[in-house]
Amino acid sequence: TIMVPENYDLYKQEMTRFVQEGGEDPLKTVKFEKKVLNIPFTNDLIRASAQAAAEEIAPSGGPAKASIAYLKIQNGIAYVLLDIDLDGWAGVSISLAIIHPLVEKTLVQFPEINNVVFDYAHGDK
C-alpha cells in the first residue's frame, strides 16, 4: 500500500507553483489516499513500498522514473535518498517536491518508522 494524492494533476500543479513561487505549503491541505499495489515477492517490503511510491509519479525533465538509491532505518527514522537526489538536473527541485512526500507518507505507515529524512544516516556516506 502506497500513499498517493487524490488528485494527481492538482497536486503536481500546486507543488510546482509552491517550489517556483513559495507561499503556503500545499502539503498542509492535499488529501492523500491509499493505493494497493501487487508487489512481487520480496524479503524487504519497506524498500519495495518506498520504490513503488518513488515510481508513482515520473520526474519531469529527468529519468523515466525515480529509484531508491539508499534506505536505512535507524531508531525509528528512515533515511532515504533517491537517485534523483544524488544526480539531479536543472529543475529537479520540482520533481523532488512532488515525489518525496509520496515516499515519506508511504514509509510512515510502517509502525517501525516515525520519521523520514532524505539524507544519509549519521556515519554513512
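Me: What is Asp124 in contact with, leaving aside its neighbours within four places in sequence?

Reply: Asp124 is in contact with Tyr70 and Lys72, once those neighbours are set aside; contact means heavy atoms within 4.5 Å. This is a predicted model, in which local features need pLDDT of at least 70 and side-chain atom pairs count only at pLDDT 80 or more, while totals for chains, interfaces and linings use all residues. Residues are numbered from 1 along each chain as its sequence is written, and side-chain values use heavy atoms, with hydrogens and water left out.

Me: How far apart are Asp124 and Lys72 in sequence and in space?

Reply: They are 52 residues apart in sequence and 9.6 Å apart in space, going from C-alpha to C-alpha. Asp124 itself lies in the segment after S5.

Me: Why is Asp124 called partly exposed?

Reply: Buried means under 20% relative accessible area, exposed means over 50%, and partly exposed is in between (1.4 Å probe, protein chains only). Asp124 has 26%, so it is partly exposed.

Me: And what makes Asn75 count as exposed?

Reply: Its relative accessibility is 78%, so Asn75 counts as exposed. You will find Asn75 in the loop between S3 and S4.

Me: What is the phi of Asn75 in the hairpin of S3 and S4?

Reply: Phi is positive there, near 50 degrees, and the hairpin has two residues between its strands. Asn75 is a residue other than glycine.

Me: How do you know that S3 and S4 pair?

Reply: Strands (E, at least two residues) and helices (H or I, at least four) are DSSP runs numbered from the N terminus, and two strands pair if DSSP finds at least two bridges between them. S3 and S4 have six bridges, in the antiparallel sense. One example is Leu71, whose bridge partner in S4 is Val80.

Me: What makes S3 and S5 the edge strands of their sheet?

Reply: The sheet is open, with three strands in the order S3-S4-S5 and mixed pairing. Strand S3 (68-74) and strand S5 (115-117) each pair on one side only, which puts them at the edges. Strand S4 (residues 77-82) pairs with S5 in the parallel sense over three bridges, and Ile77 stands opposite Asn115 in S5.

Me: Why is H1 called oblique to H4?

Reply: Helix H1 (residues 8-21) and helix H4 (residues 92-107) pack at about 125 degrees, with axes 9 Å apart. Axes are lines fitted to C-alpha atoms, for helices over the stretch in contact, and angles run from 0 to 180 degrees between N-to-C directions. Under 35 degrees counts as roughly parallel, over 145 as roughly antiparallel, 65 to 115 as roughly perpendicular and the rest as oblique. That makes H1 oblique to H4.

Me: Which residues make the contact of H1 and H4?

Reply: H1 brings Tyr11, Lys12, Met15, Thr16, Val19 and Gln20, and H4 brings Ser93, Ile94, Ala97, Ile98, Pro101 and Leu102.

Me: What is covered on both faces of strand S1?

Reply: In strand S1 (residues 2-5), Ile2 and Val4 are buried on one side, and Met3 and Pro5 are buried on the other. In a regular strand the side chains alternate between the two faces of the sheet. S1 runs antiparallel to strand S2 (residues 32-35), joined to it by four bridges, and Met3 has Lys34 as its bridge partner in S2.
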